[in-house]
Amino acid sequence: MALHVKTTVNGDSAEFLCEPDETLLDALRDRLGLTGTKEGCGTGDCGACSVVLDGRLVCSCLVLAAEAEGRSVHTVEGMAKGEELTTLQRKFLEHAALQCGVCTPGFLVAAEALLNRNPDPTEEQVRYWLAGNLCRCTGYDKIVRAVLDTAREMREHAHA
Amino acid sequence: MPKDIATRTFKQVGTRPLRPDGIEKVTGRARFGADFSLPGMLVGKILRSPHAHARILRIDTSAAAALPGVKAIVTAKDFPEADDGLHDIRMNVMAREKALYDGHAVAAVAAVSAAVAREALRLIRVDYEVLPHVTDVDEAMKPTAPILHPHMVTAHESPEAKRPTNVAGKYEFGHGDPEAGFRKADHVVARTFKVEAAHQGYIEPHACVANITSDGQGDLWCCTQGHFMVRAISAGLNGMDLSKLRVTASEIGGGFGGKTTVYIEPVAVALSRKAGKPVKIVMTRDEVFRATGPTHSASIDVKIGATKDGRITGAFAELRYQGGAFPGSLADMGAMAAFACYDLENVRSIGWDVVTNRPKLAAYRAPSAPAVCFAVESVIDELARKMGMDPIDFRLKNAAREGTLSSYGPTYQAIGLEATLRALKAHPHYKAPLKPGQGRGVACGFWFNFGGQTCTSLNIGLDGTVALSVGTPDIGGSRASMCLMAAEELGIPYDKVRCIVADTASLGYNDVTDGSRVTFSSGLATITAARNAIKVMCARAAAIWGIPEDAVEWVDGHARPTGPNAGNFPPLSLADIAAQSHQTGGPIAGHCEVTAEGAGVSFGAHLADVEVDRETGAVKVLRYTVAQDAGKAVHPAYVEGQYQGGAVQGIGWALNEEYVYGKDGRLQNPGFLDYRIPVCSDLPMIDTLILEIPNPGHPYGVRGVGETPIVPPMATIANAIASATGVRMTHVPMSPPRVLKALSEA
Amino acid sequence: MRYEAPSTVAAAAALLAEPGARALAGGSDLLVQMKSGLAEPEIIVDLKRIAALNGIRETAEGFTIGAAVSGAALREAKALRAAWPGLIDGSKLIGSTQIQGRATIAGNLCNASPAADSVPAMAACGAVAIVTGPKGSRTVPVEDIPTGPGKTSLQKGELVEAIRLPKPAPRTGSAYLRFTPRTEMDIAVASVGIALTLDEGGTVTAAKVVLGAVGPKIIIPEAAARALIGTKADAAALDALAAACSAAATPIDDKRGTREFRQKVVGVLARRAAEKAIERAKGK
């Protein structure tokens, strides 16, 4: 029996029908056509499906679509504003912090969540926060550099 | 060697522009395998054997076919046998008389939803006769082992060997007399090593959408390292003409060799044709581990002898590699790679290709080399320690160089091994102080790199911008490198070139993206295509000026007369010539179809500091440096990325990654929870040193770089552990229980 | 399958009394089990819309943590963290940052994995579960909830409403350590939760030592606590502690570790956790 869910995604109201056992990841990708969030494992072990739900970083593969009712969801598609990339997105490109790019949406959402709560993380804090995001291409080096550089630039602008 | 490589100053090649597919990828708009859909699409799912080895007596699909919403079902009957060289892959795509491993595909359905497809799989009844199984390579070689293929005899053995066996082949390489060499040696070390199987661990599971009409033509969208290969096999298994199946390569979320073959694609094609609708199949993570291609697992004997002044006098290796249920464990390549780093008078390596009840092997970054390098470089290290020699000096004393007869046959041209070893020795990492409980290890490695069949097409637009089509999927940022090479050759800005990966209908055959071949081969083909376009543009300029074609040269993006005698005409830019092209003879293009040869081998050496917790066996990597020869680094940031990514994959294999089989022959850890790839907090930054010893076989000196980085890490870490604890690890992964056990037995 | 999101505990209990009903808090265990076929619920009862289950209350008697409180929220509770850092040690190790955004210690307890991270920590800190069902509420020490792998002592229709912790006595320190092959993301191969109290002279007057991942459920070896009580946790006492823990452990061989390894390492962890707890008890 299909459920009717009304929610907010990236600031816009959204609604969809879903099965009770469908995940938020399925709903985002297949019901709302937002394929930026990826399924790497389906069991919460890789972080490629990371979204922010009511302000908390979560794996959308482990959230039921029905749970999004009345809540707000933020995905990678909600980061850039039109043509304008966020500093973090720009830094990922500048630092070559992506190779195949499939883990990148998850990393961006996760790193943004970190910098929103801690604008001055140490390298160790960045690494531990992002431990739930697997990357197989980069060895993480350039990802960590991109996040630290983003934090530095954002702090500079905050003081300017 | 092209005379201009050593002295050429590049304007674009060697810079770090942003990649053309970058914005798509950081905004989530890039479309990977599972991101594509078609109207009316069905969901395809595959039923898999839960047994490691079983005869398939009967498959009853009637209940599934009767389930509302099921639109097509296929089994091996839908892939009739043919004499087309696809026998093994046909059997791997869909089991025939036997299921040969836990996860082997047995049947597939297409239905209106995932839920209906799952229910349909539950309704398919398969009668199995479970057979004894074997998953260990040494066990599989015993005469008492369960036999997988009743007609398999060991190739290269004597004709008398007709007894069915799991040993598919034996390979030998080398020259000289190692036994004599050992007799001359002052020190000899012999050890046996075991390496467990690993998986490439790409984050994106295999996915495809097939859209075939009943007249046997259509389209296939898939994530792959080789869409021409996908076309060949999918069309072949489905009895379709190549030209009737157009395959488009999506963006690919990692491959590392694991996506150089097919699993679900021929099945999706068959289902789509039967159902008369598009069919999408996406593998689950569980399926990826159980039913796609991991590496071999191996057991390896190595013996090396040296005189007390540090010269190796004899080297021997015997490798036993199991490659899953079909022949092709790459034991031959392993035997070739074993001693490739060294200049040896007496060397012999033997490789045994063995089958077991495991999924069929697929390539994983320098496939076959990491395991044997672990073994050889560990023994080299032990020898160096025994003789009290610095480990880098010992290697330098025996390193292969230009003119060395390699252990696998060819004589090396200019190579970069010594340069990488010296670079490491000179690096501050080598002299940094270590605390108690910490150790430092070094190891070197190499990969052959390949050329292969490659086609590119370069078209000049009326506005002077360039559309470049290549046929090799981009797995590491190669489109940016292609644009750099085209821009360099044409003399125009990088952002005036756009590179796409064209579909199979648009270009001639391209071998898969593997063997670190894309920057080399597609690069070479791009440069050639650009030079061909330049010839056309020079001819057009000549026509415009009314002078002979050989009086025109191309410099800095412009056609100009070769000298004042040729004529006093101001240069014409590429854009000028393009704008007039419709009046001077029509569209201007250059293309290239080539079997690229001259790929240069890439040598690397790694340095690692580790800290070993003696009470738990935990090994922490404190510092890691990669030095490798790139020939010419077209885009240095992407070369660094290859070094770092490959090194970390090797570190993961060294410390924690392995396939764990139960007594029932089933894979116990088919997920990222218990198949433990490195996480961000496990690692330090990875320092990289790019050396450039140009490859004479490429117009810019490019060597492939993607694979060598995974070769040294296991030995580098093992040697660092030996340095920290005095204990020699011989079983990879060197997980905490193994390290703790080795420490307690020391 | 049905999805229900009741807004009261009574409504949740009534739904949970129905056949095939499963409680959903963070979902990081339940959804994984559903996908692998291990769980096939008829009804999913989402507890997160019940206001009473969503907060952490501090009173003079202690802390009450609602069953729907995520690990991330728990970690932000400063007073709780200061009182029982060992509890936070355990709960914050459950999964990744993303899992922390969802996973609850109540769910971790009721999932009854032998390797659950929060359970040895909770038990060492003297936590109790407030269990509510059709017959009313009862208080159960957390160590009495799991009865074996995947099994609990909860009756049909019961749910854990909250986890309650007492206020710690002065000079009490708590810690939880686990061994995993990677730095994050792994299931514990062996683990130890410890809480101990010192007198003014630095002698251990009370201790609770809880072992995880070395048996079908947590083990609370009396001999381990006795090894510490009355001592100043000197090297000899810590050696005795480690030996007692290794002796009490009943681990298995599996894909995550060997019996021999777990037996050795649980002793090592006990010593290290005790040292950490002592430091915290001394206020460092």
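This report describes two interfaces in a predicted model, one between chain A and chain B and one between two domains of chain C.

In this predicted model, local features need pLDDT of at least 70 and side-chain atom pairs count only at pLDDT 80 or more, whereas totals for chains, interfaces and linings use all residues. Residues are numbered from 1 along each chain as its sequence is written, chains are lettered from A in the order in which they are written, and side-chain values use heavy atoms, with hydrogens and water left out.

**Chain A and chain B**

Taking contact as heavy atoms within 4.5 Å, the interface draws 42 residues from chain A and 48 residues from chain B. The size of an interface is often given as the accessible area lost when the parts come together. Here the buried area (accessible area, 1.4 Å probe, that two parts lose on being put together, summed over both) is about 3800 Å², of which 61% lies on carbon and sulfur atoms.

Four salt bridges (a side-chain nitrogen of Lys or Arg within 4 Å of a carboxyl oxygen of Asp or Glu) are counted between chain A and chain B. K142(A) pairs in a salt bridge with E640(B), with 2.6 Å between the closest N and O atoms. On the side of chain A that touches chain B, the residues comprise 21 nonpolar, nine polar and twelve charged; in this grouping Ala, Val, Leu, Ile, Met, Phe, Trp, Tyr, Cys and Pro are nonpolar, Asp, Glu, Lys and Arg are charged, and the others, Gly among them, are polar.

**The two domains of chain C**

Chain C is divided into domain 1 (55–166) and domain 2 (172–281), with bounds that come from an automatic or database domain assignment. Their centres, taken over C-alpha atoms, are separated by 20 Å, and the contact involves 25 residues from domain 1 of chain C and 24 residues from domain 2 of chain C.

Across this domain interface the rule finds four salt bridges; R178(C) forms a salt bridge with D117(C), and the closest N and O atoms of that pair are 2.7 Å apart. The side of domain 1 of chain C that touches domain 2 of chain C divides into 15 nonpolar, seven polar and three charged residues.

**Buried area of the interfaces**

| Interface | Buried area | Share on carbon and sulfur atoms |
|---|---|---|
| Chain A and chain B | about 3800 Å² | 61% |
| Domain 1 of chain C and domain 2 of chain C | about 1800 Å² | 62% |
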